[in-house]
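Dear colleague,

I am handing over the structure below, and after it I set out what was found, so that you can follow along with the sequence and the model in view.

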Amino acid sequence: MTSKILTTLTRRKTGTLARITITRPTKQNALNTHLLTQLPPTIKEITETNKDLLAIILTGAGPKSFIGGADLREIAALDSPAAARGFICKIHLACSALRRCPVPVIARVNGFALGAGLEVAAACDVRVRLGIPSVVEAALLPGLIGWGRARRLLLLGETISADEALKWGLVEKVVEDGELDDAVEEWVGLLEKNGPLAVRRQKALISKWEELSLEQGIIAGVEAFGEAFEVERDGNGIENGDGGTEPGRMIGEFFRERDEAKGKV
C-alpha cells in the first residue's frame with residue numbers, strides 16, 4: 001500500500017503525545033479514499049486507548065507536503081452526484097474527527113497545504129507552518145480569516161505565502177526550515193503546564209462556544225469551571241489517592257516552585 005497513516009506514541013512527563021503522519025509521498029500526501037477512511041478510526045483508537053493523551057500532532061510525510069489536496073484522479077473518476085457526495089463526505093468525516101477530538105490537535109504543516117489539505121489544517125486546533133504556499137470544512141475559513149479572504153482563496157484558487165497566511169490568521173506561527181519541530185515542542189510544553197484535564201475541558205468548551213449564543217457560552221463557562229474542581233480520577237475512573245483536584249494540585253505546585261525559587265535567591 002503506497003498510502004498509509006503512521007502513528008507514533010511518546011511518553012511525556014504528564015501524559016502521552018501522539019503523532020499521526022499522512023504518508024503518500026509519491027502524490028504529495030494527497031488524500032484518497034483509503035487515507036480518508038482510515039483517519040477517523042485512527043484518531044478514535046488513539047484517544048480511547050490512551051486515557052492520559054496530551055495532544056495529537058498531525059503532519060505529512062517528507063519535507064515538501066503536508067497534504068497536497070484530495071486525489072485528483074479519484075475525483076475525476078467520480079461518475080455521479082451520489083459518488084461525489086460520498087467522496088466529499090469522507091473529507092468531512094475526517095475533518096470532523098479532528099474537530100471533535102477531545103485533546104488539542106496541532107497541525108505541523110511541513111509543506112504544501114492545498115485544497116482538502118487546507119481544510120484539514122483548518123479543522124485542527126492550532127497550526128504551525130514551515131514557510132510554504134498553500135469545500136466542506138472550507139466553511140471554517142471565514143471564522144479564521146474573514147469572508148473577503150475566504151472568497152479570494154475559494155473563488156480565485158490563489159496560493160498564498162506563509163507570511164501572508166500568518167498575517168491573515170490562517171496559521172498561528174511560521175518558522176524557518178529546521179525549526180518546525182522545535183516550535184511544535186514549545187506548544188506541547190505549554191500544554192503540559194496547563195494540565196491535561198483542564199486542556200480537555202477547555203477544548204470541549206471552545207467547541208460549545210461555536211454553537212452557543214454569548215449568554216449561553218458564559219453559562220457553559222461557569223459550568224466548566226465548576227467541573228474542573230471534581231476529584232481527580234485515573235483512566236479507570238478510580239479516585240486518585242489524595243482525593244484532590246487538578247486545579248488545587250497545580251496551584252499548589254505553583255506556590256511550591258515559587259517558594260523554592262525565593263529560597264534560592
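The contact between helices α3 and α4 is made by Ile91, Cys95, Leu98 and Arg99 on the α3 side, which meet Ala116, Glu119, Val120 and Ala123 on the α4 side. Sorted by class, this contact holds 6 nonpolar and 2 charged residues, with no polar ones. Please keep in mind throughout that this is a predicted model.

As for the geometry of this pair, helix α3 covers residues 81-99 and helix α4 covers residues 116-123, and the two pack at an angle of about 25° with their axes 8 Å apart. Because angles under 35 degrees count as roughly parallel, α3 and α4 are described as roughly parallel to each other. The crossing of α3 and α4 is right-handed.

Helix α3 is also the place of Gly86, a residue that counts as partly exposed because its relative accessibility is 26%, a value that lies between the 20% limit for buried and the 50% limit for exposed. The C-alpha atom of Gly86 is separated by 9.9 Å from that of Thr33, although these two residues are 53 residues apart along the chain.

By class, the contact of α9 with α10 consists of 4 nonpolar, 2 polar and 3 charged residues.

Turning to the protein as a whole, there are 11 helices and 8 strands. Along the principal axes, its C-alpha atoms fill a box of roughly 65 × 40 × 40 Å. The radius of gyration is 20 Å, which agrees with the value near 18 Å that a compact globule of 265 residues would have. Of these 265 residues, 41% are buried.

Terms used:
Residues numbered from 1 in each chain as written. Predicted model: local features only at pLDDT ≥ 70, side-chain atom pairs only at ≥ 80, totals over all residues. Heavy atoms only, no water. Axes fitted to C-alpha atoms, helices over the stretch in contact; angles between N-to-C directions. Helix = DSSP H or I, 4+ residues; strand = E, 2+ residues; numbered from the N terminus. Parallel < 35°, antiparallel > 145°, perpendicular 65-115°, else oblique. Left-handed = near helix turned anticlockwise from the far one by under 90°. Contact = heavy atoms within 4.5 Å. Nonpolar A, V, L, I, M, F, W, Y, C, P; charged D, E, K, R; others polar. Rg over C-alpha atoms; globule rule 2.2 N^0.38 Å. Buried < 20%, exposed > 50% of the residue type's maximum accessible area, 1.4 Å probe, protein only.
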